[in-house]
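This report walks through the sheets, the helix packing and the ligand site. Have the model open alongside the text.

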Amino acid sequence: MKMIMRWFPHGDDSVTLEQIRQVPGVSGVATCLPKIPVGEVWPLEEILAVKNEVNAAGLEMEVIESVNIHEDIKKGLPTRDQYIANYIKTLENLGKAGVKCLCYNFMPVMDWARSDLAAPLDDGSFVMAYRHEEVLQMNPEKMAKAMEGKARGYSLPGWEPERLDAMARDIEFYQSMTKEQYWDNMKYFLDAVVPYAEEYDIKMAIHPDDPPWPLYGLPKVITNSENIRTFLDLNNSQYNGLTLCTGSLGSDLNNDLPAMMREFGSMKRIHFAHVRNVHHLNEKDFDEAAHLSACGDLDMYAIMEALYESGFDGYIRPDHGRMIWGEQARPGYGLYDRAIGANYLLGLWEAIDKSYKKKGEIQ
Ligand code: DNO
């Protein structure tokens, strides 16, 4: 298991590599090249420039989060083949730079959705929050504007300006697409790309839909165990795997996270784990809580134990943190609460590991 943290290059992050290097137990970062428009090839020199910067700070760059997928691929348009060819070329370049795991998502139109990026809690901290009715009442463009307003000037990954321009048109497009067609488009992408991921030794790790339920009539597919099984069956390679995000999947109280960790972990299909807690106000309203089990509805010990028992040897990162101690940072990605989260998860892992070794069940 390798503990890493997300970091954004080119000055687009308030957190420095030097700070991340000082978080005990963190060996690397998950990063990206956010300035390259979706669908274009990531040039090797630019990948290497970021890698060198990361390595110079004493950290590894083995995980990329994310290379986004061009909407034409998700829509299944004839132009997808060119974008898929570009994606494969990007994979080749990432492989040359020693990248081992690629987190991506296949969510239509928008990445994650929240109604508030900085909702105050009683303890004076701020969290990202989701209120279902508010989200339904805002149209996505309004939501994008509201999010931008609270992003403190940082780019919001997954809400790139070029996506926003086409949002209304794209939402309209998907209204007539069935879930089956959407799965077909996904399979087409996977069957084209996964053989190259194998060749370049990069584990593909899809991120679940966030939130994991339908919004604005858009197809949502990576939402629960059944759908994840369907996804994994689309292409049976070990290189077609998951970013198991407990926060996204845990927004749906019907999802049994430890059971998911166990099932997909023992299949060796979890390559990356995003681990955080969620605090529900009711079924579809929630705050992104601090990582500690007592702060939310997820049993973080049970989740880490299931991951451990599955023999997990992939990458793991704390997920969105609260904004605490007056920190001014990109929503969800401040230093302090994520550093606390990382060390809480490492502490759980150490305790589980030692108790297993003591029992002599795992040598
Ligand atoms: C939000 C993240 C997502 C994730 C992408 C992966 O903060 O968890 O944006 O990185 O969905 O492609």
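This is a predicted model: local features need pLDDT of at least 70, side-chain atom pairs count only at pLDDT 80 or more; totals for chains, interfaces and linings use all residues.

A crossing of two helices is called right-handed if the near helix is turned clockwise from the far one by less than a right angle, and left-handed if it is turned anticlockwise.

**Barrel**

Eight strands form a closed barrel. Their order is E1-E2-E3-E4-E7-E8-E9-E12, and the pairing is parallel. From one strand to the next, the twist averages 30°. Ala205 stands opposite Gly241 in E8. Helix H2 (residues 44-56) packs on the sheet. H2 touches strand E2 (26-31) and strand E3 (60-65), and its direction makes about 130° with that of E3. Helix H11 (residues 257-266) lies across E8 and strand E9 (270-275). H11 runs at about 160° to E8.

Strand E6 (residues 126-131) and strand E11 (residues 285-287) run antiparallel and are joined by three bridges. Tyr130 stands opposite Phe286 in E11.

**Helix pairs**

| Pair | Angle | Axis separation |
|---|---|---|
| H6 (residues 140-149) and H7 (residues 161-174) | about 155° | 9 Å |
| H11 and H12 (residues 300-309) | about 10° | 8 Å |

How does H6 run relative to H7, roughly parallel or roughly antiparallel? Angles over 145 degrees count as roughly antiparallel. H6 and H7 pack at about 155°, so H6 is roughly antiparallel to H7. H6 passes H7 in a right-handed crossing. On the H6 side, the contact is made by Pro140, Glu141 and Ala144. H7 contributes Leu164, Met167, Ala168 and Ile171. By class, the residues of this contact are six nonpolar, no polar and one charged.

The second pair packs at an angle of about 10°, which makes H11 roughly parallel to H12. From H11 come Leu257, Pro258, Met261, Arg262 and Gly265. From H12 come Ala302, Ile303, Ala306, Leu307 and Glu309. The contact of H11 with H12 holds seven nonpolar, one polar and two charged residues.

**Ligand shell**

Which residues surround the ligand? The shell consists of Glu65, Ser66, Cys103, Tyr104, Asn105, Asp111, Trp112, Pro157, Gly158, His207 and Gly332. Strand E4 (residues 101-105) supplies the largest share, three residues. The shell divides into four nonpolar, five polar and two charged residues.

**Backbone geometry**

Two shell residues, Glu65 and Ser66, are joined by a cis peptide bond with omega of about 0°. Ser66 lies in the loop between E3 and helix H3 (71-75). The peptide bond from Asp210 to Pro211 is also cis, with omega near 0°. Pro211 sits in the loop between E7 and helix H9 (225-234). His10 is not a glycine, yet its phi is positive, about 60°. His10 belongs to the loop between strand E1 (2-6) and helix H1 (17-21).

Definitions and conventions. Residues are numbered from 1 along each chain as its sequence is written. A residue is near a molecule or strand if its C-beta atom, placed from the backbone, lies within 6 Å of it. Helices (H or I, at least four residues) and strands (E, at least two) are DSSP runs, numbered from the N terminus. Ala, Val, Leu, Ile, Met, Phe, Trp, Tyr, Cys and Pro count as nonpolar, Asp, Glu, Lys and Arg as charged, and the others, Gly among them, as polar. Axes are lines fitted to C-alpha atoms, for helices over the stretch in contact, and angles run from 0 to 180 degrees between N-to-C directions. Angles under 35 degrees count as roughly parallel, over 145 as roughly antiparallel, 65 to 115 as roughly perpendicular and the rest as oblique. Two residues are in contact if their C-beta atoms, placed from the backbone, lie within 7 Å. Two strands pair if DSSP finds at least two bridges between them.
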